[in-house]
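Thanks for coming, everyone. Let me put the model on the screen, and then I'll walk you through it.

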Amino acid sequence: MTDETSARTPAPQTRAAPLRAATSAAISDSPPSRPARVTTQARQAGLHPDAVEAIMAANHGDPFAVLGPHEVAPGQWEVRAVLPEARAATVLLGETRIDMERRHPAGFFVGAFAHQGRPDYRLAVEGWDNTERVRRDPYEFGPTLQQLEIQLLRDVGNDAVQRVLGAQAITVGGIDGFRFAVWAPNARRVSIVGDFNDWDGRRHPMRLWQDGGVWELFIPDLPKGGHYKFEIRGPDGSLLPLKADPVAFAAQQPPETASRLNGRPAPRWRDEAWMQSRGKADHRHSPISIYEVHLGSWARVPEEGNRYLTYRELAARLIPYVKEMGFTHIELLPITEHPFDGSWGYQPVSLFAPTSRFGSPDDFAEFVNAAHEAGIGLLLDWVPGHFPLDAHGLGQFDGTHLYEHADPRQGFHQDWGTYIYNFGRTEVAAFLAANARFWLEEYHLDGLRVDAVASMLYLDYSRRAGEWIPNQYGGNENLDAINFLRRTNEATYSHAPGTMTVAEESTSWPGVSHPTYTGGLGFGFKWNMGWMHDTLQFISKDPVHRRYHHHDLTFGLLYAFSENFILPLSHDEVVHGKGSLIGKMPGDRWQKFANLRAYFGFMWGHPGKKLLFMGGEFGQEREWNHNQSLDWHLLEDRFHAGLKDLVRDLNRLYVATPALHARDTEAGGFQWLVADDADNNVIAWARKGRSEGEIAIVVSNFTPIPRHGYRIGVPAPGFYREAINTDAEAYGGGNVGNYGGVEASCDPSHGQSCSLTLSLPPLGTLILVREG
């Protein structure tokens, strides 16, 4: 029997200690004398020439059967290594040096010697520049994974993906290094290539765990910061484009595409108090006002080539701004690493790596620390619905349709030109669910806004007849995606208590934000796209025509409590030729700002949590451009500054007033007062808190005509303080109002026992809070 079978590294069925560990202490304490020369018979029995050729062609399926230490006969050893960069090489056994023989002109070396027990050695490699470097041999180490860990990669909701796969910084037998592991079950061969091995796929081929399709290799003494990819030979024997690590924890800054050696994040957290209180959060009954931000264009540094702000600079500038503006949360457009700026992050490649555009993973963690220290939650826009076709990405990862469906009717998004994940493949679903947990647990983020949920739920999304495949029951529901979303939501709420998931779902799918045990999808909240569409359509009309569109204001209340809604004025409303929010308003300049102020007052008084895209708060005039900073100079104008101050005051009132937030998702917290005055474009309602007497009245007049002596019924007597008047002079308005508040009279009106007689400002909204 040749060495290739008798001395083969044991198949990794169970956990094995590093192969070098059992003998290292004894050898280092007592270096052996110079070994005797290995017999010719032993050398000939040890290695077949075809195996050498396969290794040097990077086409051997089991590199540990050839490389590393092998006992070719009792007490007779060979150490074999691929060293293309070496003009000569030596095996170091303590103080003893054994010259290695070049067995292949491309750099296959063998050192033969006699030794009792498995040797502990190092390789001394003399380069063509006559310098010698001493290093350890990756092929002297045994498996560093367990079969159970491999199995858990199929457990949807488990976090094994980020613990097992990727480049993990670990210590084996007292030796630091990186353990690489990648799922590529159909590959013929996988190698690690990087700047530490001249991107040479012959140098570090990996071992395969047959049951699970995971390739693994521990490389000792690698420092952090290096760049790497996987070189994969597909099932047909062809080399694929070099692939970035799907579980890379850091990546090169685009346009470069390599992964970076970083290890799992281990930041220095300072948010212990925040994390403890987070677990007790009751989001449905709490104020949530979200500032949606694209980090690359919130602000730039024009004097330095229009560069991005770094995560640490954003922590110093963005966080205080959001705090001062009264927002409770920041929602980040996707910051998982993505190659193309123009995708705004929605075509990610490295889902476990915060983009390097703004700094390192530790820098990102400092941004999180700063937010939490300021009392601000962070949501991440998360993209599990599709992924790009970039050659270094997940598409055709091991030469097969591994992450995506093979049939383009299931696996290709026509709208976006991207692949669709195969949610029915347990490893893919587990990969994505683990990634959701990763951001909430490893980086302490407080929630995920899940992008394009509708595209995941429907098999016929944006497809004509014949362009999609029905499910097993003949329907258009994507049963695999439904199951994936439910299990992911269950996992995040179980393992990261106090966080939230938010669905961007634009259809009438039932129970999106209902618990999974009632048949829902299990999200915490859903964007109210219908409200956004209807109300923007209304407010963009000339006031003379609004009487014919009054239903656009009222229709949303028919379903406002069917889900836990967030009212979104997001980035989607200020791109692709849609113009800015202020640009949608009709009338002259004064009227445009008055309309937008009235609309914001209407929104903050309406049931539902709030979301506003950056720039909207001060009336950004041009359409959003991801390559440019917001136009902060506009704040020198009183209308822009006044609008910003209004949003700040709306946020502060919303947070401080339980009637405006405590029952956002409950019908009992809302009562119509005036719903049918279309001729005057007046609408009014009462908001109620969880305690009796907590009442706020919201009244909007969407005509440019002031209305004095307008009577509105209210549910209780008392003084109603005018907490917000969007026509206040401080906000740029005409100052038509009610002198700080109105005492309710005992005159019944609108089915209520009491009433208020108000002066309604033109194109204005009032929010009155009952005192006492």
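Ground rules before that. This is a predicted model, where local features need pLDDT of at least 70, side-chain atom pairs count only at pLDDT 80 or more, and totals for chains, interfaces and linings use all residues. Residues are numbered from 1 along each chain as its sequence is written, and side-chain values use heavy atoms, leaving out hydrogens and water.

Helices (H or I, at least four residues) and strands (E, at least two) are DSSP runs, numbered from the N terminus. Two strands pair if DSSP finds at least two bridges between them.

Now the sheet. It is open, with four strands in the order β9-β10-β13-β12, and the pairing is antiparallel. Which strands stand at the edges? They are β9 (166–172) and β12 (207–209). Each has a single partner strand, so one side of each is left without a neighbour in the sheet. From one strand to the next, the twist averages 30° (axes are lines fitted to C-alpha atoms; angles run from 0 to 180 degrees between N-to-C directions).

Look at β10, residues 175–183, and β13, residues 214–220: they run antiparallel, joined by seven bridges. A181 stands opposite E216 in β13.

Next, the strand pair. β20, residues 336–337, pairs with β21 in the antiparallel sense over two bridges. T336 has P354 of β21 as its bridge partner. β21 spans residues 350–354, and five of its five residues are buried (under 20% relative accessible area, 1.4 Å probe, protein chains only; exposed is over 50%, partly exposed in between).

Last, A51. A51 sits in helix α4, residues 49–56. Buried or exposed? A51 is buried, at a relative accessible area of 6%. The C-alpha atoms of A51 and E313 are separated by 55 Å, with the two residues 262 apart along the chain.
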